[in-house]
Protein chains: 2
Amino acid sequence: MRQAGRYLPEYREIRKTRSLAEICETPELACEAAMQPIRRFDLDAAILFSDLLVPVRALGAEFEIVEGRGPVVARPIRDRDAVRSLKPPSDPRSLDFAFEAVRLLAGALAASGRRVPVIGFAGAPFTIASYLIEGGATRDFLQTRSLMHHDPVAFADLMQRLSDLVIQYVEGQVRAGAQAIQIFDSWAGCLSPSDYKRHVLEPTRRIFAAGGRMGVPMIHFGTTTSGLLELMAFCGGDVQSVDWRIPLSAARARCPGRAVQGNLDPAALLAPQPVLERMIDEVLAEAGSEPGHIFNLGHGVLPGTPVDNVALLIRSVREKSRRPVSETERQS
Amino acid sequence: MRQAGRYLPEYREIRKTRSLAEICETPELACEAAMQPIRRFDLDAAILFSDLLVPVRALGAEFEIVEGRGPVVARPIRDRDAVRSLKPPSDPRSLDFAFEAVRLLAGALAASGRRVPVIGFAGAPFTIASYLIEGGATRDFLQTRSLMHHDPVAFADLMQRLSDLVIQYVEGQVRAGAQAIQIFDSWAGCLSPSDYKRHVLEPTRRIFAAGGRMGVPMIHFGTTTSGLLELMAFCGGDVQSVDWRIPLSAARARCPGRAVQGNLDPAALLAPQPVLERMIDEVLAEAGSEPGHIFNLGHGVLPGTPVDNVALLIRSVREKSRRPVSETERQS
């Protein structure tokens, strides 16, 4: 749901003078935006404040983030030549701003005296590719699937380049102090299991393998992925994140050996508080008493969410369980 | 995907002078639009040409179908008073145009000498409610879930009224000659299993119970419902339709005692023909050799789909299996 810090008045205050891209690309601002919910709430983790497309500038792709529309790519990548014209991500310094943001955030958290780790943030190759190909948000992902089906070689080339970029991006964040990484494949759920297996699984698996080599836990996020869970788990993350469209008990049964993250419907935070409480109870009941559940929303905090309801959620989960609560409302 | 007859040139010809609503509400035109694909292709069934919102005029709700946007409701229903101001569906003659269209279609099919049955068409209460509440197409269904959570009594009242209307609509179609009914809950997949169970299951189950009393097979359609399949099957349909986001083998295992319908990705029809053939093969392989599979798309035919690819699909499925092919591209 894009940069969901907007439910906080102190975040909206920054946004009065700074664009979303500016906040992501200015380490001090990104650190401040990531710290804001940590100061307000008793959360178990902070996540790098970023946007899915942020690292693609290192490939020479240009985009803007347009209020109410999300990322808009200047020249959508729709054929082999466009893929080939991307620069190799040869200069890792072009991503330094993000690594510096992680470093500042880790420092700020240490200085706060709270034992709150930093989760690094990166889009998965498919979701980044879908923005680059479509040129912006879409409902049907037809251009993406068209390139995949009409020129699978070009599509694989793009996925490989993005996979290389994401690995470099993730490695830099870990070196800068990220203690876990969340990979956002927000839109992989538009795909059939067959397309996922053929075109997405391998380049995604490479990223989780790289994370494994670095020894940090990796969280694999997606939405409308109830039919893809086995394939996503096969990519090798430690934690499978699921949206609210599946009972958590079913998700746990289908991802053996993995922890699960989720899966409160973000719309619950717009409900009256007794309904919100009931929906929290239902998630906890579905999660069961076994370890290996990270309580979280199934997708980002929605615009218009009352801050009081976020506070209630965190207090309530704290009271009702000893499970960790992670603050990861920044996926696109 | 709204009125997907638009992939046929002869349908676009009608649309030059007639609106979508006009076609749905004029029996001769609705019959003609339903017959067009039957004349071109070797299909096993014809479906009433309609739109999800068509019957709500009987409740006094007014809407237009706007090109490229879908249905737009004049006064969205967002509170208890708006629900209560709906008329009871007391005058069944207000739906006569649809029953007459079924009658004409059954007659035209009989006259054609082909043994092709008519499938009746109706939206499920939740999907109709979501249009009435949102006022049009939406991505997040926030108004719908807001009414559900803030005033569950008003929401239940709306669902009950729509359920009554749909039962009346379905009964009239069966009396007019429909030999099966497909209930389109196109957007139920936005819900958590918990919300589905609490707010949607019972009013939907009533419709399938009514269909059962009439002795016609009932098909239950939805998209992004991979996490809801058990609950949807519990509503009592004979056939569970699934989209392409789940392997058909998994869907079959989770709906024991039900046939399944699906689940080719409509984007397959935009792919090069060898890729389309491969995707058809994959669906057939996942379906397995047991009876109880109706080959179909997972959602409507997409704009821009080449007619030749539709022809190839039908020929190919015919050659590769003895399974029936149903032509149901008219959901919203």
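Contact here means heavy atoms within 4.5 Å, and by that criterion 38 residues of chain A are in contact with 38 residues of chain B. This is a predicted model, in which local features need pLDDT of at least 70 and side-chain atom pairs count only at pLDDT 80 or more, while totals for chains, interfaces and linings use all residues. Residues are numbered from 1 along each chain as its sequence is written, chains are lettered from A in the order in which they are written, and side-chain values use heavy atoms, with hydrogens and water left out.

**Overall form of chain A**

- Chain A has 13 helices and nine strands, these being DSSP runs numbered from the N terminus (helices H or I, at least four residues; strands E, at least two).
- The radius of gyration of chain A, taken over C-alpha atoms, is 19 Å, close to the 20 Å that the globule rule gives for 332 residues, so chain A is as compact as a globular protein of that length; the rule itself is 2.2 Å times the number of residues to the power 0.38.
- Along its principal axes, the C-alpha trace of chain A spans about 55 × 45 × 35 Å.

**Interface of chains A and B**

- The two chains bury about 2,900 Å² between them, 53% of it on carbon and sulfur atoms, where buried area is the accessible area (1.4 Å probe) that two parts lose on being put together, summed over both.
- On the side of chain A, the residues that lose the most area to chain B are R139(A), H149(A) and R245(A), together 20% of what that side buries.
- The rule finds four salt bridges across the interface, each a side-chain nitrogen of Lys or Arg within 4 Å of a carboxyl oxygen of Asp or Glu.
- D265(A) forms a salt bridge with R145(B), and the closest N and O atoms of this pair are 2.6 Å apart.
- The elements giving two or more residues to the side of chain A that touches chain B are α7 (142-150), α9 (193-214) and α12 (273-287) of chain A, and the largest share, five residues, comes from α9(A).
- That side of chain A divides into 18 nonpolar, ten polar and ten charged residues, with Ala, Val, Leu, Ile, Met, Phe, Trp, Tyr, Cys and Pro counted as nonpolar, Asp, Glu, Lys and Arg as charged, and the others, Gly among them, as polar.

**Helix packing in chain B**

- Helix α7 (residues 142-150) and helix α8 (residues 152-175) of chain B pack at an angle of about 115°, with their axes 5 Å apart; axes are lines fitted to C-alpha atoms, for helices over the stretch in contact, and angles run from 0 to 180 degrees between N-to-C directions.
- The contact is made by T144(B), L147(B), M148(B), H149(B) and H150(B) of α7(B) together with P152(B), A154(B) and F155(B) of α8(B).

**Backbone geometry**

- Most residues other than glycine have a negative phi, and most peptide bonds are trans.
- The peptide bond from G262(A) to N263(A) is cis, with omega near -15°, and N263(A) lies in strand β8 (residues 259-264) of chain A.
- In chain B, the bond from G262(B) to N263(B) is cis, with omega near -10°.
- F141(A), in the loop between α6 (125-134) and α7 of chain A, has a positive phi, near 55°.
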